[in-house]
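Here is a quick tour for anyone meeting this structure for the first time. Have a look at the picture, then read on by topic.

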Amino acid sequence: MSLGEYLVKNWDRLLELTVEHAVIVLIALAIATVVGVTVGIATYRTQRPSKIALAVAGIFLTIPSFALFGLLIAPLGLGAKPAIVALVLYALLPILRNTIAGLRAVDPAVVESAQGMGMGRWQRLVRIELPLAWPIVITGVRVSAMITVGIAAIAAVINGPGLGKDIFRALARVGTPTAVSQALSATLGIIAIGILLDVGFLLLGKLTTSRGIRD
Amino acid sequence: MAVDTSVAGSAPADITAPTAQDADPLGGGMSLRAKLATPAVFAGVCVALYAWVQGRELDSIEQRVVNADFIVERLLQHLQLTAASTLLVIAIAVPLGILLTRAGARSITPPLIGAANIGQAVPSIGVLVLLALWWTIGFRPAVVALVAYSILPVLRNTMVGLQQVDRSTIDAGRGMGMTKRQVLRRIELPLAVPVILAGVRTALVINVGTATLATFVNAGGLGDVINNGLVQNRFTVIVVGSVLTAVLALFIDYLGGLVEDLLRPKGL
């Protein structure tokens with residue numbers, strides 16, 4: 001069966017898997033952004049804690065995904081939960097690193113003048129530092145999106161949701177007429193999600209950047 | 001640290017790019033204490049794992065996988081996959097990167113770097129399974145998939161590394177009477193080495209991780225152990241496979257960091 005025929009016949013199911021795939025990636029990114037930005041804010045002023053936080057996030061990213069999924073079965077069982085947790089761990093480093101880099105890149109003179117205007121530490125952070133660092137933070141999220149979209153495919157080995165299911169189903173049916181179309185459509189679907197997210201986060205970054213520093 | 005080399009001196013836009021640094025927790029800034037303590041931690045984890053397994057009653061299915069012969073064989077396969085694919089990546093990507101940064105080919109760089117970023121979204125398991133379906137199973141498709149998956153970071157870092165070399169340094173070399181080839185060999189490449197090495201280390205980490213999936217195309221590796229545990233529903237086997245794989249990947253990354261430090265040209 002050609003890829004075209006296969007797509008027409010399985011459109012509904014593919015769409016459903018694609019949505020599942022995109023949803024777990026977006027959930028993981030949302031959690032990773034909250035965690036990464038919070039840890040970044042808590043550590044960017046200091047050398048040692050920020051280094052330790054980055055090292056830990058780096059270790060998560062270095063652990064092979066298959067192994068991390070395997071390790072998470074023990075505490076979390078099978079399914080979407082361990083899949084999302086693993087994706088969060090993989091997404092942390094780029095977000096954390098860019099949060100720290102972005103906050104450190106804010107001109108101290110700007111922060112001082114905000115202090116001179118009577119802003120407290122919290123106000124300076126929320127109204128001056130974070131908006132100035134935001135373009136760099138959101139590019140970190142964009143990088144994380146690319147990493148997690150691909151890794152999410154492996155979640156299928158622990159019964160996670162998404163297009164990875166079709167890749168493994170195809171593998172189990174080597175030699176049948178639909179196997180190649182099934183694996184190919186799932187792989188292309190994942191790449192399509194990647195491209196959409198890449199463009200989406202680029203636009204979101206432009207839209208959410210403070211008007212004063214837009215180019 | 002790998003990341004710093006490519007970010008330093010460039011616009012914040014560069015921070016956006018997924019780079020070498022992504023996999024670099026223990027990079028060049030490693031203190032002597034960290035250098036010595038890290039392998040001790042890995043050894044400690046392995047000893048703890050061994051003690052834990054010893055304390056458990058293994059049934060016959062578990063014994064078939066959790067034994068020295070089975071694991072060492074898978075470990076060697078894993079290392080072969082990693083080494084072969086990383087060497088191939090270096091042999092292909094570095095010359096190609098040099099070629100693509102010569103005058104005349106420069107306009108290719110921005111789209112290629114964009115492709116490298118999105119290329120990360122290509123699922124490694126998809127590439128692996130497609131190669132198995134289209135071609136064959138075993139060692140060869142596994143290595144081809146690993147190469148395809150890890151070539152972009154090295155290519156990208158080779159190009160970025162060569163392009164960040166200060167134009168005036170190159171002009172100075174030309175002014176001293178060096179040929180273009182001499183400028184490349186004696187000025188551009190040495191100055192680009194730290195960035196290229198960072199890319200190679202990223203590729204190495206990607207390869208050691210992706211080689212875990214080689215089990216799905218019958219190419220062995222430590223993924224065999226994890227997969228055995230999953231298929232037979234044996235918790236002990238899953239833990240042994242996962243912990244060993246994780247320790248191996250972290251150890252290879254650590255070694256990569258040491259080599260990166262050693263090979264960095266003096267004076268940089």
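Helices here are DSSP runs (H or I, at least four residues) and strands are DSSP runs too (E, at least two), numbered from the N terminus. A:Ala145, for one, sits in helix α6 (residues 121-151) of chain A. Keep in mind that this is a predicted model, where local features need pLDDT of at least 70, side-chain atom pairs count only at pLDDT 80 or more, and totals for chains, interfaces and linings use all residues. Residues are numbered from 1 along each chain as its sequence is written, chains are lettered from A and ligands numbered from 1 in the order in which they are written, and side-chain values use heavy atoms, with hydrogens and water left out.

- A:Ala145 is buried, at a relative accessible area of 0%; buried means under 20%, exposed over 50%, and partly exposed in between (1.4 Å probe, protein chains only).
- Leaving aside residues up to four places away in sequence, A:Ala145 touches A:Leu29, A:Leu197 and A:Phe201, where contact means heavy atoms within 4.5 Å.
- A:Thr33 is 112 residues away from A:Ala145 along the chain, yet their C-alpha atoms are separated by 11 Å.
- A:Val34 belongs to helix α1 (residues 3-43) of chain A, and with 56% relative accessibility A:Val34 counts as exposed.

**Salt bridges**

- How many salt bridges turn up over all chains? A search of the whole structure finds 14, each being a side-chain nitrogen of Lys or Arg within 4 Å of a carboxyl oxygen of Asp or Glu.
- In chain A, a network of salt bridges links A:Arg13, A:Asp166 and A:Arg169.
- In chain B, B:Asp261 and B:Lys35 pair up at 3.7 Å, N to O. B:Asp261 is in helix α11 (residues 235-263) and B:Lys35 in helix α2 (residues 32-54), so this pair ties together parts 226 residues apart in sequence.
- B:Asp261 is partly exposed at 23%, and B:Lys35 is partly exposed at 25%.
- B:Arg74 bridges to B:Asp224 at 2.6 Å, N to O. That joins helix α4 (residues 68-101) to helix α10 (residues 223-232) of chain B, with the two residues 150 apart.
- B:Arg74 also forms a salt bridge with B:Glu73, with the closest N and O atoms 3.3 Å apart.
- B:Arg74 is buried at 12% relative accessibility and B:Asp224 is buried at 15%, while B:Glu73 is partly exposed at 44%.

**Two helices of chain B**

- The 23 residues of α2(B) should span 33 Å at 1.5 Å a residue, and the end C-alpha atoms are 34 Å apart, which agrees. The expected span is 1.5 Å times one less than the number of residues.
- B:Thr38, B:Phe42, B:Leu49 and B:Val53 are buried in α2(B), and the buried residues of α2(B) pack against α11 of chain B.
- Helix α9 (residues 180-210) of chain B spans only 39 Å between its end C-alpha atoms, whereas a straight helix of 31 residues would span 45 Å.
- α9(B) bends by about 50 degrees at B:Val193, and a proline, B:Pro194, follows within four residues. The bend is the angle between axes fitted to the seven residues ending at a residue and the seven starting there.
- Of the 31 residues of α9(B), 22 are buried, so this helix is largely enclosed by the rest of the structure.
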